[in-house]
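Let's take a walk through a protein together.

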Amino acid sequence: MPTSRASDAPAQNASAKSPAPSGGVQSLERAFDLLERMADAGGEVGLSELSASSGLPLPTIHRLMRTLVVCGYVRQQPNRRYALGPRLIRLGESASRLLGTWARPYLARLVEETGETANMALLDGDEIVYVAQVPSKHSMRMFTEVGRRVLPHSTGVGKALLANTPADEVRALLARTGMPAATEKTITTPDGFLTALEEVRRLGYAVDDNEQEIGVRCLAVSVPDSPTAAAISISGPAGRVTEAATEKIVPVLQQVAVELSEALASSGPNA
């Protein structure tokens, strides 16, 4: 596989990454940095845009992108711009499954400390997908099948995941998905949902109050700095997840979210 030479020119601006630490491979670090920049830009960019954002010289970027194209992780479009390639889908799907596995000990702690079923969900396109769950030990408990997909507007995790998304993007998403009523309490207007997102930002957590299923309340928070948009939640009967219980549960949710974020950011033990 071609690699960038040691004589490649150094980064030209502050946004470029510093050289790889001792024992690292600089060309790999640069290639993954370019992939992340492509994702941040919406999945398709030109070489000049990558050069401007990364600070790397065009010849270096061209060599790296050519290698990524050969491997299938990037594809060149007819307009000569570069887009994220289909081989990344398999990696992403596998990583998403592992994300749920890594989260399970943290969800188990939520169950121990709150008594209610704990969930982890991701924003996948316009939908919410549940990737992990640890059930409550109560005989009356909530159950959501791992892999289930729901629309964001009627869920606590959906509100938590979209709380900091620009309003025009939220409106565009809702226009694509529609806002069907799951119960009589489901929010069914874009303005109503945007108001609910303002409340999430104010409180620091989201609530699904009988909006997905009558008799069920859910409390959710986003996982800060997650590599992909993720949220954790607890759900239980409305008679147990009361306002008084919320005051005790939310700090636990927030603390576990921070700890999970730190675990996901860790590169793990040294090889």
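Is Asp-209 buried, partly exposed or exposed? Asp-209 turns out to be partly exposed, with a relative accessible area of 23%. Keep in mind that you're looking at a predicted model, not an experimental one.

So who does Asp-209 pair up with? Its side chain meets that of Arg-217 in a salt bridge, at 3.3 Å from N to O. Side chains of opposite charge can pair when their charged atoms come close. Arg-217 is buried, because its relative accessible area of 7% falls under the 20% cut-off.

Now let's step back to see the chain as a whole. The protein chain has eight helices and nine strands. It is made of 271 residues, and 42% of them count as buried. What about the way the chain folds back on itself? Take the contacts between residues at least 6 apart in sequence: 56% of them join residues at least 24 apart.

Back to the charges, then. Searching the whole structure turns up 16 salt bridges. One of them is formed by Arg-240 and Glu-116, whose closest N and O atoms are 2.8 Å apart. This pair links distant parts of the chain, 124 residues apart. Find Arg-240 in the loop between strand E9 (230-237) and helix H8 (243-265), then look for Glu-116 in the loop between helix H4 (87-114) and strand E4 (117-124). How do the two partners sit? Glu-116 is buried, at a relative accessible area of 4%, while Arg-240 is partly exposed, at 25%.

Here's another pair to track down. Glu-127 forms a salt bridge with Arg-149, and their closest N and O atoms are 3.2 Å apart. Glu-127 lies in strand E5 (residues 127-134) and Arg-149 in strand E6 (residues 149-150), so this pair ties together parts that are 22 residues apart in sequence. Both ends are partly exposed: Glu-127 has a relative accessible area of 30%, and Arg-149 has one of 42%.

Terms used
Residues are numbered from 1 along each chain as its sequence is written. This is a predicted model: local features need pLDDT of at least 70, side-chain atom pairs count only at pLDDT 80 or more; totals for chains, interfaces and linings use all residues. Side-chain values use heavy atoms; hydrogens and water are left out. Helices (H or I, at least four residues) and strands (E, at least two) are DSSP runs, numbered from the N terminus. Buried means under 20% relative accessible area, exposed over 50%, partly exposed in between (1.4 Å probe, protein chains only). Contact means heavy atoms within 4.5 Å. A salt bridge is a side-chain nitrogen of Lys or Arg within 4 Å of a carboxyl oxygen of Asp or Glu.
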